[in-house]
Amino acid sequence: MRASDQISNEDRILFQTAARINISDNGGTLADHIKRKSNSKPSMPLIAPSIVWIAEEQNTKSLPATIPILPSVEISMNALQFFNGLGGFSEDGSEYVICIDAKLKTPAPWVNVIANPTFGTVISESGAAYTWTENAHELRLTPWHNDPVSDSSGEAVYVRDEESGHFWSASLFPAGRQSNYITRHGFGYSVFEHMEDGIYTEMTVFVDLESPVKFTMLKIRNQSGRSRKLSATGYVEWVLGTNRMKTAMHIHTEIDPDSGAVFAKNSYDPEFSNRVAFFDVDNLKKTYTADRAEFLGRNGTMQNPDALVRTKLSGKIGLALDPCAAIQVSFELEEGEEQEITFRLGAGRDSTEASLIARKFRGNVIAKDSLEKVKNYWKHSLESLKVETPDPALNIITNGWLSYQTLSSRLWGRSGYYQSGGAFGFRDQLQDVLSLLYLSPQFAREQILRCASRQYKEGDVQHWWHPPTGRGVRTRCSDDYLWLAYASSVYLAHTGEIGILDEQIPYLEGRLLNPGEESYYDLPRTSDKSADLYDHCVQAIKHGVNYGEHGLPLIGGGDWNDGYDKIGKDGKGESVWLGFFLYDILIRFEEIARRRNDQEFEKECKSKAQQLKESIDSNAWDGGWYKRAWFDNGTVLGSSVNEECQIDSLPQSWSVLSGAGSEEHIYKAMDAAYKKLVEPEPGVIKLLDPAFDKSDLDPGYIKGYVPGVRENGGQYTHAAIWMILAFAKLGNTKRVEELLRMINPVNRSKTPEEIAKYKVEPYVLAADVYSKTPHAGRGGWTWYTGAAGWMYRLIVESFLGMQKKSEQLTFSPCIPKEWDAFKIHYVYKTSTYNIAVTQQNNLKEMIVTVDEVEQKDKAIHLMDDGKVHTVQLSICRSESREAADLSVNKSNAPSPGLIN
């Protein structure tokens with residue numbers, strides 16, 4: 001014991017915050033506290049059924065007042081595109097519709113990631129969900145489970161018949177009954193339909209476009225042929241941090257006197273102690289509890305919670321509870337009558353803001369208005385570029401789903417079912433936003449400047465960091481900082497907005513990595529030193545010009561492939577891929593430096609690029625393809641002499657994409673990549689082959705993956721797309737169409753047999769696909785992958801061939817010769833361009849007309865005039881060639897820096 005005057009104010013606050021029991025001398029002596037009886041409320045009485053409900057599967061005996069079993073909700077599966085026995089796309093492709101029941105379920109969770117820039121939720125086809133605010137990892141409101149077997153959740157909505165006591169959940173999780181559930185995942189929302197015992201429910205889940213609030217709109221219609229007494233119960237388990245096991249003991253719940261919402265606070269959190277979460281419903285006739293033990297009961301579960309066999313909730317709230325928020329509302333419905341109940345889950349930066357948000361979004365009218373804004377936003381954004389091709393699967397994935405995946409999951413949510421990341425990855429989102437340039441260049445502009453602010457004054461960057469604090473990791477990864485220059489150059493080419501280079505951004509300051517130290521996690525401080533974006537890029541490039549004995553860049557703690565973290569752990573290992581990538585950036589910035597009149601750096605870029613190309617030519621060619629790297633001790637990787645990883649796709653693809661590969665080698669390299677890495681039967685494009693397994697080579701944690709999984713010999717879709725981009729740059733239409741069809745998730749999931757093998761969502765891209773039996777062709781990690789943005793760019797810019805450079809469009813399609821035509825509808829500011837491309841035989845050169853006026857320079861000059869413009873492009877029908885055959889046609893050799 002210690003007198004209070006001997007305890008600092010900071011320690012006193014810490015003790016009061018961390019303590020499970022607070023004892024005040026105002027309540028008497030310690031003995032008085034111990035003897036005092038608790039004032040916990042008694043359990044609520046059990047519900048007394050006035051009629052008997054008989055389940056459909058039970059033997060129905062002659063019992064009084066039994067309830068008839070009514071049919072389940074119906075949907076016409078014939079109207080769905082690419083229906084595979086479980087689901088299919090709506091007629092316009094904007095929704096994926098799934099039909100499941102207690103026995104027929106999807107092979108893995110098929111989820112929707114619904115987010116705005118600061119708030120979001122991941123919800124599966126069964127209704128299992130988790131929700132966050134500000135950061136999907138650091139500030140979860142409800143639990144993230146990442147359990148694809150049980151698809152668990154800490155959120156649920158129940159409906160109960162007050163006369164019989166029979167209850168069920170509005171989605172299959174957690175208390176779905178025998179009749180079917182229809183789930184519709186759309187852009188920014190998910191809908192769950194169900195018919196139980198004559199009661200139709202439609203639950204719509206979405207997040208407001210701007211504010212940190214999630215709506216669960218429950219529409220209940222009585223179709224039973226008689227009047228009904230019902231109740232609806234919303235339930236959430238609080239986290240208010242990273243992990244419920246860590247935070248539950250510190251969560252304090254209360255009723256906000258202004259809004260009537262259930263508030264939850266975690267004052268113990270060192271960085272988010274002021275944040276306040278809320279759960280609310282629009283109904284004055286409600287009961288509630290904040291005690292999870294009461295709601296579930298002793299050894300209870302969400303499938304059969306104790307609270308739903310009792311008349312009402314107790315109203316228990318406060319400290320030292322197993323925290324949750326459950327709200328129950330009762331109502332009556334006449335035959336044919338409908339009731340709408342809206343539960344809201346949200347958060348504020350403090351109690352005042354939480355109360356304001358809870359009051360602002362009261363009422364079904366406000367909720368419907370918010371939903372309409374969400375739908376309008378996504379419709380307007382995703383239709384800024386729309387394609388019509390002879391390939392329906394390509395149309396569906398391009399016209400919405402890829403961009404939605406990139407923006408909602410990658411940029412805003414930074415979360416998916418399999419990874420609740422929350423952080424910005426330096427290289428990650430810089431690549432993602434380049435595909436969003438057609439939706440809004442502002443996304444790219446903001447991310448480029450955001451990333452520049454995470455660069456240390458020495459030139460390296462945070463590999464990833466957590467907003468809003470900026471706490472992150474400093475590493476020896478060798479490619480991160482170069483993506484700032486790459487993304488900036490693509491943005492400049494696309495928009496022509498050179499003013500971004502003059503934006504002033506401060507650097508970070510932090511201690512340097514110690515010798516032998518791979519990384520450290522810390523909160524760096526903002527430096528007094530700042531520079532414009534151009535200088536940030538120059539600093540990054542100069543930091544990357546650091547070569548080993550073969551004249552190639554040092555790989556450090558890993559390049560794009562983080563799994564190669566031991567190749568250069570002693571500071572001598574070199575990366576061939578990084579050599580190609582750096583060459584591409586030097587060529588880009590040679591031109592940018594020229595435009596900036598920076599003659600010194602222009603010359604430096606030119607000379608360094610030439611030096612790098614010569615080193616690649618002299619040292620990186622293995623005889624049939626390009627090597628991948630050298631270890632610290634000089635051992636080569638990605639060579640025919642290796643037992644494992646004889647060939648890696650990255651240097652082959654980037655030898656073409658960068659323009660640094662020699663003309664006599666690139667065709668052979670791509671031919672070898674196709675023959676050794678493409679496996680048509682499981683439909684995968686492997687990253688490398690053979691997989692790491694039993695050899696003495698130890699490149700890093702990549703070897704910890706099972707052979708054929710993820711980077712270790714599986715398809716890593718990000719790299720697979722780079723290979724297709726390279727074939728497109730070589731003009732190999734046959735390879736491009738074949739491989740593009742292969743990796744399109746719609747094509748992997750067209751039949752029950754295919755979906756049984758692929759297992760994951762057919763409407764978004766998977767980061768990886770397994771290549772080894774017995775799981776060959778199985779999709780891995782979905783949603784949270786940079787492959788979605790690259791796939792979009794592959795389709796629009798390389799396959800369909802539309803390139804935007806400043807205020808004009810040019811076309812160089814790489815489509816199959818069997819296609820007669822395709823269309824692109826492109827919205828540029830206030831104008832719309834309807835572009836029709838036709839392939840013709842024996843055409844000598846491309847013909848371009850805009851509003852019936854032929855364009856001599858073959859370009860479409862964009863105007864912001866509010867008009868609809870008609871564009872006609874006539875191109876010569878393509879003649880595809882094998883990669884090896886292309887080597888004889890020198891006119892097809894790529895020019896440096898072609899791919900923007």
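A cavity is a set of points, on a 1 Å grid over the protein atoms alone, where a 1.4 Å probe fits but cannot get out, and its lining residues have an atom within 4 Å of a point. The structure is a predicted model, in which local features need pLDDT of at least 70, side-chain atom pairs count only at pLDDT 80 or more, and totals for chains, interfaces and linings use all residues. Residues are numbered from 1 along each chain as its sequence is written, and side-chain values use heavy atoms, with hydrogens and water left out.

Eleven cavities of 30 Å³ or more are present in the structure; a volume is the space filled by probe spheres set on the points, which are joined across faces, edges and corners. The largest cavity holds about 180 Å³ of space. Its lining comprises 19 residues, and E155, A156, V157, K214 and T216 lie nearest its centre. Two or more lining residues come from each of β6 (155-161), β10 (199-207), β11 (213-222), β12 (228-237) and β18 (338-348), strands being DSSP runs of E with at least two residues, numbered from the N terminus. The lining divides into twelve nonpolar, four polar and three charged residues. In this classification, Ala, Val, Leu, Ile, Met, Phe, Trp, Tyr, Cys and Pro count as nonpolar, Asp, Glu, Lys and Arg as charged, and the others, Gly among them, as polar.

The second largest cavity contains about 90 Å³ of space. Twelve residues line this cavity, of which A129, Y130, H145, S152 and Y417 lie nearest its centre. By class, seven of the lining residues are nonpolar, four are polar and one is charged.

Conventions. 1 Å grid on protein atoms, 1.4 Å probe; cavity = no way out; pocket = protein on both sides within 12 Å on 5 of 7 lines; lining within 4 Å. Helix = DSSP H or I, 4+ residues; strand = E, 2+ residues; numbered from the N terminus.
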